[in-house]
Amino acid sequence: MSRVVVVKDVDFRYNYEKILSGVSFEIVSGDYLGIVGPNGSGKTTLLKLVVGSLKPTKGKIEIFGESPEEMKKKELIGYLPQVMPGKSFNFPATVMEVVLMGLISKKRFPKRITKEDVEKAERIMEMMKILDLRRKFVGELSGGERQKVFLSRALVHEPKLLILDEPVAALDPESREDFYRIMERLNRDMGITIMMATHDTGEIGNYATKLLYLDRRVVFFGSFDSFCQSEEMTRYFGEYSQHIICHRHDRKKW
Ligand code: ADP
């Protein structure tokens with residue numbers, strides 16, 4: 001199994017406040033990592049470090065053996081940032097235009113859209129079942145549809161690693177299910193490695209293979225099975241909280 005993400009003894013500070021301390025973990029090709037932890041525990045910060053939009057104060061991060069900055073250029077990462085509650089989507093762009101932005105933002109001048117670009121965008125939209133929405137403005141869509149548009153934009157350049165920050169937080173239960181099913185397909189059928197920060201502790205065990213529990217440091221990193229069996233974690237969380245993360249996991253189909 002090849003190593004996809006290696007985080008080694010990483011510290012991060014915003015000004016004087018230490019947000020992350022001594023964070024280390026590794027994920028390999030095909031992993032589906034769920035990152036959970038309280039509000040303000042550093043999940044978004046960690047994802048920003050992995051995609052190279054922030055730099056560690058100390059320690060090292062490697063993605064496919066290279067620095068996150070190098071990876072940015074090679075387009076091997078798809079990133080779906082957190083959507084702030086109440087954010088307005090009334091900008092005048094169609095679904096097709098937003099998906100194509102995923103290709104054009106990485107091009108050098110002259111930034112031209114080719115026939116192949118459009119075909120690529122159509123293929124991914126078809127897979128997400130949003131092709132019939134292609135001419136609609138994103139402001140006209142439901143939250144679930146809009147999330148699929150942004151996911152398509154993150155996937156259109158065919159990344160090997162997909163990074164998602166709270167992707168289901170604003171979705172209704174049905175759209176959540178739908179979104180998780182898409183993730184499952186991307187991970188299992190298309191072999192895309194996934195890192196997902198989520199508050200959805202009751203559900204993530206149904207889907208992810210590994211768990212990172214972050215509280216400004218790594219409280220736990222490993223398989224869900226080992227988390228559920230860990231007496232140390234029972235002592236840390238109490239049986240009830242450990243059970244919330246684990247109980248659905250027992251119903252896992254694989
Ligand atoms: P989480 O995603 O787990 O909720 P974050 O990574 O968003 O946590 O934030 C961790 C901490 O860093 C929080 O206390 C937050 O207030 C702080 N923080 C986030 N962004 C900034 C910033 N740009 N400047 C200063 N502090 C920040």
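A residue counts as buried when its relative accessible area is under 20%. In this predicted model, that cut-off picks out V95, M96, V98, V99, L100, G102 and L103 in helix 3. Helix 3 spans residues 95–104, and because seven of its 10 residues are buried, the helix is largely enclosed by the rest of the structure. The cover over these buried residues includes helix 4 (115–127) and helix 5 (143–155). An α-helix has 3.6 residues a turn, so residues three or four places apart point the same way.

The ligand site draws on several parts of the sequence. Around the ligand lie Y14, I19, P38, N39, G40, S41, G42, K43, T44, T45 and R216. By class, the shell holds three nonpolar, six polar and two charged residues. Helix 1, residues 43–50, supplies the largest share of this shell, with three residues.

For G40, a backbone N or O atom is 2.8 Å from a ligand oxygen. T44 likewise places a backbone N or O atom 2.9 Å from an oxygen atom of the ligand.

How values were computed. Residues are numbered from 1 along each chain as its sequence is written. This is a predicted model: local features need pLDDT of at least 70, side-chain atom pairs count only at pLDDT 80 or more; totals for chains, interfaces and linings use all residues. Side-chain values use heavy atoms; hydrogens and water are left out. A residue is near a molecule or strand if one of its heavy atoms lies within 4 Å of it. A polar contact is a pair of N or O atoms within 3.5 Å; within protein, one must be able to donate a hydrogen and the other to accept it, and residues adjacent in sequence count only if both atoms are side-chain atoms. Helices (H or I, at least four residues) and strands (E, at least two) are DSSP runs, numbered from the N terminus. Ala, Val, Leu, Ile, Met, Phe, Trp, Tyr, Cys and Pro count as nonpolar, Asp, Glu, Lys and Arg as charged, and the others, Gly among them, as polar. Buried means under 20% relative accessible area, exposed over 50%, partly exposed in between (1.4 Å probe, protein chains only). Contact means heavy atoms within 4.5 Å.
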